[in-house]
Structure formats: C-alpha cells, structure tokens
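Dear colleague,

I am passing the structure on to you with this message, and below it you will find some notes on what came out of going through it. Please read them with the structure open beside you.

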Amino acid sequence: MRSISARQRAGVLSATEPATDTDYRIHVDLARLRSLEAHGQTLHLLPRQPARSVLNGRHGSRLRGRGLDFLELRGYLPSDDIRSIDWRVTARTGEPHVRVFTEERDRPTLLVVDQRMSMFFGTRHAMKSVTAAETAALLSFAVLAQNDRIGGLVVRDDGIDEVRPACSRATLMRLLSHIADANQQLHAEREAPAPTSLDDVLTSVSRLARRDHLIIVLSDFDVIGPRSERLLSSLSRHNDIVLAPVVDPFAEYDLPRDLRLVVTDGDLQATFDTSDDAVRAALESVTAQRHEQLISWQRKFGLSLAPLSTSEPALPQLRRLLGLQRRSLPGQLSSNANTRPGDQHDR
C-alpha cells in the first residue's frame, strides 16, 4: 500500500508525478548509474578487509576470495618461500620440494537488487529504491575493477531479471540497464501485483550461485517467505552472503506521534493515525520483527549485515561499511548494536 495524500506534511519525497531528468532522489537512469564508475573504483571487496570493515567483524563472513589451483611439484629454489615446502615429498626423496599454486583469475559476485514497490519510499535524501540502485552500481564497478565476475538479479513485483556473472563490461552494463529500467517503472500511481517473495529470489540465487560466490542482497526484506531461512542456510554453506537492509529513518525508527496518513493500494484505502497507541505499536512491531529476523540469520549462518539508510548518499555509507572511512557505521544491525539506521544522518 502506498501514500497518495498528506505526503508533503509527512515530509515524504514527492513521487506523485514522473521524476525530472535531474531529480535522482526519486528515480535513476542508466546515465546516472554509469556516472558512479569513478567512485565505485575506489571501493575494494577483496578478501583482506580493513579492521573497521563490517565484513571483518565478529559476525562477519570470512570472504573466501580467489581460490588456489595446484600447478606443479618441483625442486626447492633459494628464492622460494619455505612455507610452500612439501615435507612429505621432501622426506621421501631426500631433497627439498615445493608445491606451486596458481591463483584463480576471479571470484564471482552476485548482486540482488530490490526494485519492488515497497522500496519506492523515502523521506530524507532519496527513495529506498534509489539507494539500492546506486549502491549496486558502485559495487558493480568495484568488482569489475578488481577483475572479478559481476552479475545480479533485479527484483520487481512481477518477476526477476537475471544476469549471469561475467568479467565483462557488457555484462555490467546489462545489469545496470535492468536496474535503471525497473527503477523507472516505479510510480506512486502504478498498479502493482502481489510482491515477489524472498523465497523466489533466493531460489533464483541458488541456481546462479552454487558455490564460492559473494552474494549481496540489497532490499528492505518486505516479504520473507516460509522457505527463506532454509534457502539462506543452504546458500551460506558454500557462499559468502551479505545482507544489506535498506531502511528509511522516518518509517522505521522516527515515526511522528501526530501523523495522520491516508494510504491506498489502488483499490482499498486506509487511514493511519500515529497518535493512536495501538496503531503505533503495530507499525513498530512489524519493523522490530523484520530486524530481529535478520539478526537471527546473522547469528545462525555467520552472515554479514551491512545496513544502508536513505538519509544520505550511498558512497559515504559504503566507504564506512568497508572500513575505508573513519566514522561510526550507519546504524549497524547486530545483537549488541545500540545505534539505529538514520540516527546520525537525518537531514
């Protein structure tokens, strides 16, 4: 359900009219996503993460990175690292031998980019759909810059667009085109079907990423299905998974106590009055349950959580999350976190 009135009084970004070419807070196009290339190339998703990186925390996944393929066994040379000596062969032959490995060329990264109607909401800097789209573009350019394969799934209310990972600029552009097209279709007056479930999304992910992938899910996790936990458990055994919940401080944590909001799904209409304790408690309960579910998955499966807020641009948030910029993380979701998304970044 989406708001059609009292939007300005609530501080919601106006989205009742098509976005202009320059209003990238509400919609993004392919040109906008391509313009983020230089910034994306400053990010690093390699296995060795800075100590401040969210991927290097207590709950963070150990990124597998590129694997090693055995190349040959040969005699020891003075310049060889003694740690590569094969002691069994050395003992058997009486002469020192070393095992030589070659590093795999790349590691595939799969981005799951949510562009459903539930993401078409924002009150501070941008819509959740825009934050997810720009984050995906920045990460895509970062992955390709380190010569890794990049691919993704763009989630819409009526289906999923799949792009198989490849170390190719053409593949990256195809992914960004799908993201831009899905983002442009979001509109406050649009009639949306039943939203795509996380079950369907993770089923598609399982087909594309069987093992040794870095999977990053950019979503508000609006529709968690009955099989979502089982699918995540299976994926996490052979892949590294980062869940990046995109939140808006107004709707998630800073709901006014004097807001009367009319919402509709195109057929039915309802009024929410946040001064009503029962209504307020119900809204807060939905948010709390969703966050508790993510934290539960983090603990069970060793996933990484990288929360993003609509209250500021994606780039500085990513730099903090990856430990490339000194400042507290934007509301890191964890079992011992005391901050909330948007607390330090509301404008």
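Buried, as used here, means under 20% relative accessible area, whereas exposed means over 50% and partly exposed lies in between, all with a 1.4 Å probe and protein chains only. Helices (H or I, at least four residues) and strands (E, at least two) are DSSP runs numbered from the N terminus. Please keep in mind that this is a predicted model, in which local features need pLDDT of at least 70 and side-chain atom pairs count only at pLDDT 80 or more, while totals for chains, interfaces and linings use all residues. Residues are numbered from 1 along each chain as its sequence is written, and side-chain values use heavy atoms, with hydrogens and water left out.

I begin with helix α11, residues 314–321, where Ala314, Gln317, Leu318, Arg320 and Leu321 are the buried residues. They lie on the same side of α11, because the arc they cover around the axis is only 160 degrees (the arc being that of the directions from the helix axis to the C-beta atoms). Among what covers them are α5 (128–145) and β12 (308–309), and after α11 comes Gly323, which has a positive phi near 75 degrees.

In helix α7, the buried residues are Leu198, Asp199, Val201, Leu202, Ser204, Val205 and Leu208. These pack against β4, β5 (150–156), β6 (159–166), β7, α8 (228–238) and α10 (277–301), where contact means heavy atoms within 4.5 Å. The N-terminal end of α7 is capped by Ser197, which has a side-chain oxygen 3.1 Å from the backbone nitrogen of Asp199.

Turning to strand β7, Leu214 has its place there and counts as buried because its relative accessibility is 1%. Leu214 and Asn239 are 25 residues apart in sequence, yet their C-alpha atoms are 6.2 Å apart in space.

Finally, there are the cavities, a cavity being a set of points, on a 1 Å grid over the protein atoms alone, where a 1.4 Å probe fits but cannot get out, with lining residues having an atom within 4 Å of a point. The structure holds six cavities of 30 Å³ or more, a volume being the space filled by probe spheres set on the points, which are joined across faces, edges and corners. Of the 14 residues that line the second largest cavity, Asp114, Arg116, Leu198, Val201 and Ser219 are the closest to its centre. The second largest cavity has a volume of about 90 Å³, and the largest share of its lining, three residues, is given by β7.

With best wishes

Technical notes:
1 Å grid on protein atoms, 1.4 Å probe; cavity = no way out; pocket = protein on both sides within 12 Å on 5 of 7 lines; lining within 4 Å. Polar contact = N/O pair within 3.5 Å; in protein donor to acceptor, adjacent residues only side chain to side chain.
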